[in-house]
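Open the structure in your viewer and keep the sequence beside it. The stops below say what to select next and what is there.

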Amino acid sequence: PLFRSSRATQAVLETLVVPLESIKPGSHQPVRAYDKNGVAVIIHTGKDSPSSGVLVFVVSIMSMNPQPITDVVFQAAVPKSMRVKLQAPSVTELPGYNPIVPGQAITQVMLVANPSAARIRLKYKFSYTAGGEGISDLGEVSDFPVQ
């Protein structure tokens, strides 16, 4: 069915796990959700859907901050007609930026169940520690494909 109950949608997401290696990039431009203090969060759209009405995104967190960043947490929320599931991040810290050695990234698979194909409005909380200072920020992005 095109419209699933939120309980059925939640059940699908709870059991769904999408390995990062299996995700192919989609044609939609990546969305830069955060870019402050030399730290960026970019959300990439996956090409394939693992289940009807479920979209796959990859959250990439990169740092050009000379300080190591630790305790990295990305949280997301969507409107009530949708559900979101964040799989575990690849790591929760990045070394200080070294211009000689290519930077690493934290990657996290994000699944969004959007059974009614509505416009996705994603609110997020992003926090980390750099140089002993805790940094936390809220934001919202909505430039995503609906299917």
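Start by selecting Asp-71, which is found in strand S4; strands (E, at least two residues) and helices (H or I, at least four residues) are DSSP runs, numbered from the N terminus. The model is predicted, so local features need pLDDT of at least 70 and side-chain atom pairs count only at pLDDT 80 or more, while totals for chains, interfaces and linings use all residues. Residues are numbered from 1 along each chain as its sequence is written, and side-chain values use heavy atoms, with hydrogens and water left out.

Asp-71 counts as exposed, at 51% relative accessibility.

Next, select Ala-117, in the loop between S6 and S7. Phi of Ala-117 is also positive, near 55°, and this residue is not glycine either. With a relative accessible area of 25%, Ala-117 is partly exposed.

**The open sheet**

Now show the strands as a cartoon. Five of them form an open sheet in the order S1-S2-S3-S6-S5, with antiparallel pairing. Two strands pair if DSSP finds at least two bridges between them. Which strands stand at the edges? They are S1 and strand S5 (83-86); each has a single partner strand, so one side of each is left without a neighbour in the sheet. From one strand to the next, the twist averages 20°; the axes behind such angles are lines fitted to C-alpha atoms, for helices over the stretch in contact, and angles run from 0 to 180 degrees between N-to-C directions.

Go through some of the pairings:

- S1 and S2 run antiparallel and are joined by five bridges. Select Arg-32 to find Ile-42 of S2 opposite.
- S3 and S6 are antiparallel, with nine bridges between them. Phe-57 has Met-110 in S6 as its bridge partner.
- S5 and S6 are antiparallel too, with four bridges. Here Lys-85 stands opposite Leu-111 in S6.

**The nonpolar core**

In soluble globular proteins, nonpolar side chains tend to be buried together. A nonpolar core here is a set of buried Ala, Val, Leu, Ile, Met, Phe, Trp, Tyr and Cys residues joined through side-chain atoms within 4.5 Å.

Select Ile-43, Ile-61, Phe-74, Met-110, Phe-126 and Tyr-128. The largest nonpolar core has 29 residues, and these six touch the most other members. At least two core residues each come from strand S1 (31-36), strand S2 (39-45), strand S3 (54-63), strand S4 (69-77), strand S6 (105-113), strand S7 (122-130) and strand S8 (133-141). Which strand gives the largest share of this core? S7 does, with five residues.

Take Ile-61 and display what surrounds it. Leaving aside neighbours within four places in sequence, Ile-61 is in contact (heavy atoms within 4.5 Å) with Val-39, Ala-40, Val-41, Val-72, Phe-74, Leu-94, Gln-104, Ala-105, Ile-106 and Phe-126. Apart from this core lies another, of 10 residues, including Leu-16, Val-18, Val-56 and Val-58.

**The aromatic cluster**

A search of the whole structure finds four aromatic pairs. Rings of Phe, Tyr and Trp (its six-membered ring) pair if their centres lie within 6.5 Å; planes under 30 degrees apart count as stacked, over 60 as edge-to-face and the rest as tilted.

Select Tyr-34 and Tyr-128. Their ring centres are 6.5 Å apart and their planes stand at 85°, so the pair is edge-to-face. Tyr-34 is in strand S1 and Tyr-128 in strand S7, 94 residues apart, and the pair links distant parts of the chain. Both Tyr-34 and Tyr-128 are buried.

Phe-126 is buried, as is Tyr-128. Together, Tyr-34, Phe-126 and Tyr-128 form one aromatic cluster.

**A buried aspartate**

Finish at Asp-137, in strand S8. Is Asp-137 buried or exposed? At 17% relative accessibility, Asp-137 counts as buried. Its side chain is joined to that of Lys-36 by a polar contact of 2.5 Å. A polar contact is a pair of N or O atoms within 3.5 Å; within protein, one must be able to donate a hydrogen and the other to accept it, and residues adjacent in sequence count only if both atoms are side-chain atoms. Leaving aside neighbours within four places in sequence, Asp-137 is in contact with Tyr-34, Lys-36, Tyr-124, Lys-125 and Phe-126.

Notes:
Buried means under 20% relative accessible area, exposed over 50%, partly exposed in between (1.4 Å probe, protein chains only).
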